[in-house]
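This report describes the fold of a protein chain and the surroundings of its ligand. Please read it alongside the sequence and the model.

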Amino acid sequence: MNDCLFCKIAAGDILSSKVYEDELVVAFHDIHPLRPVHILVIPRKHIASLAHVSAADEPVLGRLLSVAQKLAAENGSADGFRCIVNTGRIGGQEVPHLHVHILGGTKPVGPMVERN
Ligand code: AMP
Ligand code: ZN
């Protein structure tokens, strides 16, 4: 049906280290963590990127962020965290299924992006 890696993770067809799931979203540890806390939150529905959402997706977009703050606090980043949504070629998106990176830990995440 669909060859998308994150759709397969959401469906449980590919193993991941899931930390949360509900009817709209699934969250799991990033396989190559860049910080002590590095969790991905994705919609169950296949949405290729933030450039592909419509107004009908607003409930799931809201859920992605409300779950992100809960998961950050519960997984070792209670003093703050950073959410990143890489989008398309310019945004450096590698997996074409919308995902929110939650990055954190006990030390500051660091500069937002390198200065050009
Ligand atoms: P992006 O560059 O924003 O598309 O990020 C994709 C992220 O997915 C990267 O941080 C990868 O480490 C992560 N990733 C790729 N494959 C898997 C997987 N099977 N399980 C968990 N995370 C993955
Ligand atoms: Zn997908």
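## Fold of the chain

In what order do the elements of the protein chain run from the N terminus on? They run α-β-β-β-α-β-α-β, which makes three helices and five strands, where helices (H or I, at least four residues) and strands (E, at least two) are DSSP runs numbered from the N terminus. The protein chain is as compact as a globular protein of its length, because its radius of gyration is 14 Å, close to the 13 Å that the globule rule gives for 116 residues; the radius is taken over C-alpha atoms, and the rule is 2.2 Å times the number of residues to the power 0.38.

This is a predicted model, in which local features need pLDDT of at least 70 and side-chain atom pairs count only at pLDDT 80 or more, while totals for chains, interfaces and linings use all residues. Residues are numbered from 1 along each chain as its sequence is written, chains are lettered from A and ligands numbered from 1 in the order in which they are written, and side-chain values use heavy atoms, with hydrogens and water left out.

## Surroundings of ligand 1

Ligand 1 is surrounded by 16 residues, the closest being Asp30, Glu94, Val95, His99 and His101, where a residue counts if one of its heavy atoms lies within 4 Å. By class, this shell has seven nonpolar, seven polar and two charged residues, and α1 gives the most to it, with three residues.

## Polar contacts

Oxygen atoms of ligand 1 lie 2.6 Å from a polar backbone atom of Glu94, 2.8 Å from a backbone N or O atom of Val95 and 2.8 Å from a polar side-chain atom of His101; a polar contact is a pair of N or O atoms within 3.5 Å.

Technical notes
Polar contact = N/O pair within 3.5 Å; in protein donor to acceptor, adjacent residues only side chain to side chain. Nonpolar A, V, L, I, M, F, W, Y, C, P; charged D, E, K, R; others polar.
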